[in-house]
Amino acid sequence: MASGKINVSVENIFPLIKKFLYSDHEIFLRELVSNATDATLKLKHLTNIGEASVEYGNPVIEVKVDKEGKKIHIIDQGLGMTGEEVEKYINQVAFSGAEEFLEKYKDSAKDSGIIGHFGLGFYSAFMVAEKVEIITKSHKDEPAVHWACDGSPEFTLEASDKTERGTEIILHVAEDSTEFLEESRINELLNKYNKFMPVAIKFGTRTETLPKPEDAPEDYKEETVEVENIINNPSPAWTKQPSELEDEDYKNFYRELYPTQFEEPLFNIHLNVDYPFNLTGILYFPKLSSDLQVQKDKIQLYQNQVFVTDNVEGIVPEFLTMLRGVIDSPDIPLNVSRSYLQADGAVKKISNYITRKVADKLKSLFTESREDFEAKWNDIKIVLEYGMLSEPKFYDKAGAFVLYPTVDNKYFTLEELKEKLADNQTDKDGKLVVLYAGNKDEQHSYIAEAQEKGYKVLLLDSPIISHLIQKLEADNENLTFVRVDSDHVDNLIKKDEEQISKLNDEEKEALKTTLEEIVPKATYTVQLEAMDSNAAPFRVTQPEFMRRMKEMNQSGGGGMFGMGNMPEMYNLVVNTNHELTSNILKTEDKVQKEALVKQALDLAKLSQNLLKGEELTAFVKRSFELIK
């Protein structure tokens, strides 16, 4: 029997491990199962190249919980270790710059990334165990050994009677970690971190019903047997080539990732690159509503099929964190803090690659089946519009496939739209005017009026559309966007026929004075305009600039513009050629005149969805009085 001291650079390595990674102490199982997997796959490689004269067979990693004995066992059938290798790989915990290491981590938090980053994966066992044993037998023809350590630098190493190749690690669970003696907890961790490990992982047993024999009697009773419970899928879809997979394979994998998600994904993007970095994965576009409050953290990051995190910020471009799926890359450090990700050059390259790959896939989907792409547009637009605003590289490619739908469900790219508008939607300065509605129902009368003039009206209803419009206008000098209920509509669009007012200047002045006495000045600016006599007598429009600023505030731009709670400001556009306008002017009874103005104003407000609360109640009551 041998004994000695583990050669560490600092005496208090174990308290450091436990202290700094305490809130992450569940990762001990990930690390130990990962080590077992590595040992198994290394043996496979050695047998394949003829350097190991043993049968590889069908090795399984087994995890066992002994609740009564307060122990957890992790058993593999991999390479195993000789006594000399235990001395080299377990006892020589050596890394450079110990003092620098201590200084760097003494005040830092749990996410500093000691485990894995410093190659201390095995020692994560001491985060939950007061004592750790290793019983191991090498694939080489050498005796087995038994190593034990109680969490101090002291260890023992002696001969063992183990006869089968492989390694068994035994954790004597500490009193503050007894939660890991619950089978349900271990099952949860194995499913979280090791669900797609490349070697089969056994944990407990499960009951399986035997198939009914063809010649079974009528009173046949089903038979069940206990079988090994393999908890992982060693060959997940992302590890295969796209040519090996059908659409159904991708859908099945999506169900495997998200068993409680009942809606099918719209489409997927298979990532597969080996230069200048290694990256594989599958991203799925789920159905998304026009709402930025979507659940993120649905993309899972793996390293060599080992789950690392579902916080992929920095690795995946922000606009794609609304997607779902898996990314696997050995080039991303196993434990990484957010700041480390932002500073790492390889990570930025990965993010740029994913952006480009997604853009290329969207373009090919658009090109190959435009009709199908258009049918999915409303379900994916929020992601793409957000991408145009947040990722310049995506914006540069987006013009080829981002769509702008009309209120009657016709879809155009921006370049196609420009061609359509060139005929009759230009202003006095020659700018193309894109008319759009934010709500098809609320702005119905304005849409109808524009369409009667032969104008195309887009339906742009996402919560970030005001920001996107600003960007599109900045990048297209000859283009301006105007909402159909804006005060700019009549000024910007060329009129086919200039209307002449039926009222003279004196009558117009008298009408305006009357209206301003009744209409609230703080909210409405009265504007008289000669329009077709069949057009609405009163119409409420919004100042375009103020409306845009307000929308930007509501969608998260308040801090950018410093506008705070912006006041409600509207224009009341009065048609001087309408019969009602003349009646208001001729009515001498002040009460009746005021009633006519208020009723007309409320009707105009109703079309803008501005009539609410007490005002709506009063309007309904007054309307019943009028028809009584």
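This is a predicted model: local features need pLDDT of at least 70, side-chain atom pairs count only at pLDDT 80 or more; totals for chains, interfaces and linings use all residues.
**Entry 1: salt bridges overall**

I started with the total, and the structure holds 26 salt bridges.

**Entry 2: Lys140 and Glu85**

I looked up this pair first. The side chains of Lys140 and Glu85 form a salt bridge, at 3.2 Å from N to O. Lys140 sits in the loop between β4 (129-137) and β5 (145-149), while Glu85 belongs to helix α3 (residues 83-91), so this contact ties together parts that are 55 residues apart in sequence.

Next I asked myself: is Glu85 buried or exposed? Its relative accessible area is 18%, and I needed the cut-off here: buried means under 20%. So Glu85 counts as buried. Lys140 has 37% relative accessibility and counts as partly exposed.

**Entry 3: helices α18 and α19**

I then moved on to Asp602, which makes a salt bridge with Arg622; their closest N and O atoms are 2.4 Å apart. Asp602 is in helix α18 (residues 590-607) and Arg622 is in helix α19 (residues 613-627), so I noted a link between distant parts of the chain, 20 residues apart. Asp602 is buried, at 9% relative accessible area.

Which residue does Lys605 pair with? I found Glu615, with the closest N and O atoms 2.9 Å apart. Lys605 is in helix α18 and Glu615 is in helix α19, so this pair also ties together parts of the chain, here 10 residues apart in sequence. Lys605 is buried at 5% relative accessibility, whereas Glu615, at 41%, is partly exposed.

**Entry 4: a network**

I also checked for salt bridges with shared partners. Glu26, Glu179, Arg185, Glu188 and Lys192 are joined into one network that way.

**Entry 5: strand β21**

Last, I turned to a strand. What does β21 (residues 538-541) pair with? Its partner is strand β22 (residues 570-575), in the antiparallel sense, over 4 bridges. Within that pairing, Arg539 stands opposite Val573 in β22.

I wanted to know which side chains go on which side. In a regular strand, side chains alternate between the two faces of the sheet. In β21, Phe538 and Val540 are on one side, and Arg539 and Thr541 are on the other.

Key: Residues are numbered from 1 along each chain as its sequence is written. Side-chain values use heavy atoms; hydrogens and water are left out. A salt bridge is a side-chain nitrogen of Lys or Arg within 4 Å of a carboxyl oxygen of Asp or Glu. Helices (H or I, at least four residues) and strands (E, at least two) are DSSP runs, numbered from the N terminus. Buried means under 20% relative accessible area, exposed over 50%, partly exposed in between (1.4 Å probe, protein chains only). Two strands pair if DSSP finds at least two bridges between them.
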